[in-house]
Amino acid sequence: MKKYRNTLLVCIPVIALPLLLSNLTLAKDDEIRKFHSEAEMAHFQMVVLDTTLPNGYNYLFAGSGVCQKCHGLDTLGLASVDANGDDVNVVDDWRATMMANSAKDPFWRAKISHEVLLYPQHKAAIEDKCTSCHAPMGHFNAKHLGALHYGIADMVADSLAMDGVSCLACHMLAKEGIAESFSGLLTFDTFRVAYGPYMSPLVSPMLTETGYKPKFSDHISKSEACADCHTLLTETLDFQGNVTGNKFVEQATYHEWLNSSYNDTLSCQGCHMPSLDKWPVHIVTGAMTEPRSPFFLHELVGGNVTMLGLLRDNVEALGLTAGPSQFQDVMGKTTALHHGGRSSSLWWKRRRATRFLFLAKWTASTKCSAKT
Ligand code: HEC
Ligand code: HEC
Ligand code: HEC
Ligand code: HEC
Ligand code: HEC
């Protein structure tokens with residue numbers, strides 16, 4: 001990786017200097033002057049100058065820009081590509097999802113402002129609760145360092161909080177106590193680790209460059225990894241703003257899944273992170289590691305097309321780190337999910353799961369009827 005970057009640094013002046021000279025001598029000749037096509041230039045700028053994702057570290061976490069260096073787009077097209085050679089890197093798939101934009105989501109921000117306007121006496125408690133799931137890398141770092149509350153003012157000044165449900169908000173979740181507390185009461189390991197689905201990862205490049213250690217753990221691949229954010233019980237207030245002591249179940253997606261027939265057949269990831277089963281993928285730019293299988297696409301789409309469209313149209317105003325075409329792409333995947341369209345790999349998963357359930361029921365019923 002470092003070697004490749006050095007080559008890039010050398011290449012840029014080497015390419016730029018003759019180009020500059022040729023411009024001086026052949027300034028009138030348009031054909032010769034255009035060394036790269038416009039599409040190439042746009043691509044080049046996106047790849048080389050893409051510094052929009054946060055690159056920093058706080059006490060516990062690192063920004064997605066840190067991970068992008070190795071798990072992002074491979075300009076040589078060797079790592080993070082599918083059987084057709086199409087790019088499937090996890091960073092670009094994730095960055096235009098609702099989770100990546102959970103701290104910048106203007107509807108979310110408006111909802112908090114409204115709640116605080118109605119009950120200013122509960123401002124600290126409301127903002128603290130809302131940032132736990134929507135801006136976890138800011139919230140839990142501050143809590144770890146002893147803060148009592150973490151609010152919206154803290155969040156907007158904190159680039160890692162604004163990175164939303166970022167890479168390490170999932171990959172650093174501790175195994176102990178997972179899916180026990182819910183409602184954004186998350187526990188992270190504090191020893192700089194990124195849990196993943198593969199046994200015996202090559203540790204040294206990531207540890208040396210980032211200080212984080214890639215490590216196998218099965219808890220990351222289970223629905224429990226989604227549970228603590230995808231179940232939300234809130235304390236209710238009366239119209240005067242007094243705490244009633246009651247709890248309201250706002251969201252119970254994990255428990256709905258737990259009580260569904262998918263419980264022992266298909267996890268959240270099984271549907272929301274479709275896998276490339278037959279095509280091993282080099283997961284690191286520089287291709288220094290063996291290809292891995294299965295590779296899990298970070299599609300992470302759900303029900304929200306409206307907000308993705310709004311984000312697509314307001315990239316600059318909202319300071320987003322994905323571009324309009326990336327949002328458009330995620331909108332397409334979301335619509336495919338709604339329509340069960342064939343373009344969505346999820347469609348096949350669901351079909352397979354339905355067929356499996358049907359077969360299971362059929363086998364059970366034939367067994368029963370055979371007995372009677
Ligand atoms: C336990 C984690 C958690 C906490 C805490 C939390 N949220 Fe959310 N929030 C979610 C999830 C998950 C979704 C997505 C739900 C879906 O798509 O079905 C969401 C979605 C939303 C949306 C819809 C966004 C959109 O663009 O459609 C709003 C508004 C929202 N939350 C407001 C709040 C407010 C206000 C608070 C604090 C009082 C809060 N949330 C606290 C997990 C949480
Ligand atoms: C919502 C949680 C979540 C977020 C956010 C997330 N990941 Fe993942 N990631 C997972 C899960 C879960 C798996 C394993 C899937 C499985 O085993 O079913 C995984 C797998 C991986 C892998 C192994 C290769 C693969 O795709 O299978 C890498 C590398 C990875 N993630 C890096 C990242 C990076 C870098 C980011 C940020 C740009 C990121 N992840 C964001 C949950 C997440
Ligand atoms: C210097 C390059 C580099 C950077 C930067 C980097 N990684 Fe990695 N990552 C690796 C390598 C190498 C592996 C091991 C690949 C293998 O063995 O197939 C790996 C593996 C992983 C795995 C899979 C672990 C497993 O056992 O399944 C996850 C998850 C992961 N990285 C997440 C991240 C996250 C999150 C970041 C940003 C904080 C990040 N990586 C930054 C190089 C890097
Ligand atoms: C740290 C908290 C957190 C974790 C962990 C988490 N999520 Fe989320 N998720 C959120 C929040 C917050 C939102 C809503 C963002 C918004 O709308 O502003 C969300 C939204 C979603 C959506 C809706 C996207 C849409 O377009 O409507 C899906 C699907 C989703 N998450 C799947 C998962 C899966 C699968 C996992 C586990 C692998 C997971 N999440 C883990 C916090 C989390
Ligand atoms: C069998 C496949 C499947 C499984 C398993 C599954 N989902 Fe989904 N999920 C879907 C589909 C399909 C949609 C889109 C539904 C629609 O709006 O048409 C969806 C929608 C969502 C949404 C957005 C809902 C909304 O109204 O905005 C969230 C959030 C979500 N899933 C999270 C999860 C979590 C967390 C789990 C595990 C506890 C899970 N899902 C398990 C298929 C699945």
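**View 1. Helix α4 in the predicted model.** Seven of the eight residues of α4 are buried, so this helix is largely enclosed by the rest of the structure. A residue counts as buried if 20 or more other C-beta atoms, placed from the backbone, lie within 10 Å of its own. The buried residues of α4 are Ser64, Gly65, Val66, Cys67, Gln68, Cys70 and His71. They pack against α5, α10 and α11; two residues are in contact if their C-beta atoms, placed from the backbone, lie within 7 Å. Helices (H or I, at least four residues) and strands (E, at least two) are DSSP runs, numbered from the N terminus. The model is predicted: local features need pLDDT of at least 70 and side-chain atom pairs count only at pLDDT 80 or more, while totals for chains, interfaces and linings use all residues. Residues are numbered from 1 along each chain as its sequence is written, and chains are lettered from A and ligands numbered from 1 in the order in which they are written.

**View 2. The shell around ligand 3.** Ligand 3 is surrounded by 28 residues, the closest being Cys67, Cys70, Gly196, Tyr198 and Pro214. A residue belongs to the shell if its C-beta atom, placed from the backbone, lies within 6 Å of the ligand. At least two shell residues come from each of α4, α10, β1 (193-196), α11 (204-210) and β2 (213-216). Helix α4 gives the most, with five residues. The shell holds 19 nonpolar, five polar and four charged residues. Ala, Val, Leu, Ile, Met, Phe, Trp, Tyr, Cys and Pro count as nonpolar, Asp, Glu, Lys and Arg as charged, and the others, Gly among them, as polar.

**View 3. The shell around ligand 2.** Here 25 residues surround the ligand, with Cys67, Cys167, Cys170, Ser221 and Phe296 the closest. Two or more residues each come from α4 (64-71), α5 (90-95), α10 (167-171) and β6 (295-296). Helix α10 gives the most to this shell, four residues. By class, the shell around ligand 2 has 17 nonpolar, eight polar and no charged residues.

**View 4. The shell around ligand 5.** Which of the 19 residues around ligand 5 come nearest? They are Trp257, Cys268, Cys271, Gly302 and Gly303. The elements α13 (253-258), α14 (268-272), α16 and α17 (345-371) each supply at least two shell residues. The largest share, four residues, comes from α14. Nine residues of the shell around ligand 5 are nonpolar, nine polar and one charged.

**View 5. The largest nonpolar core.** This core has 57 residues, of which Met137, Ala161, Leu168 and Phe327 touch the most other members. Helix α16 (residues 324-339) provides the largest share of the core, four residues. A nonpolar core is a set of buried Ala, Val, Leu, Ile, Met, Phe, Trp, Tyr and Cys residues joined through C-beta atoms within 7 Å. Leaving out residues up to four places away in sequence, Met137 touches Phe61, Leu160, Ala161, Asp163, Ser166, Leu168 and Ala169.

**View 6. Helices α7 and α8.** Helix α7 (residues 123-134) packs with helix α8 (residues 136-144) at an angle of about 120°, their axes 6 Å apart. Axes are lines fitted to C-alpha atoms, for helices over the stretch in contact, and angles run from 0 to 180 degrees between N-to-C directions. The two helices, α7 and α8, are therefore oblique to each other; angles under 35 degrees count as roughly parallel, over 145 as roughly antiparallel, 65 to 115 as roughly perpendicular and the rest as oblique. Thr131, Ser132 and Cys133 in α7 meet Pro136, Gly138 and His139 in α8.

Methods. A residue is buried if 20 or more other C-beta atoms lie within 10 Å of its own, exposed if 12 or fewer, and partly exposed in between; C-beta atoms are placed from the backbone.
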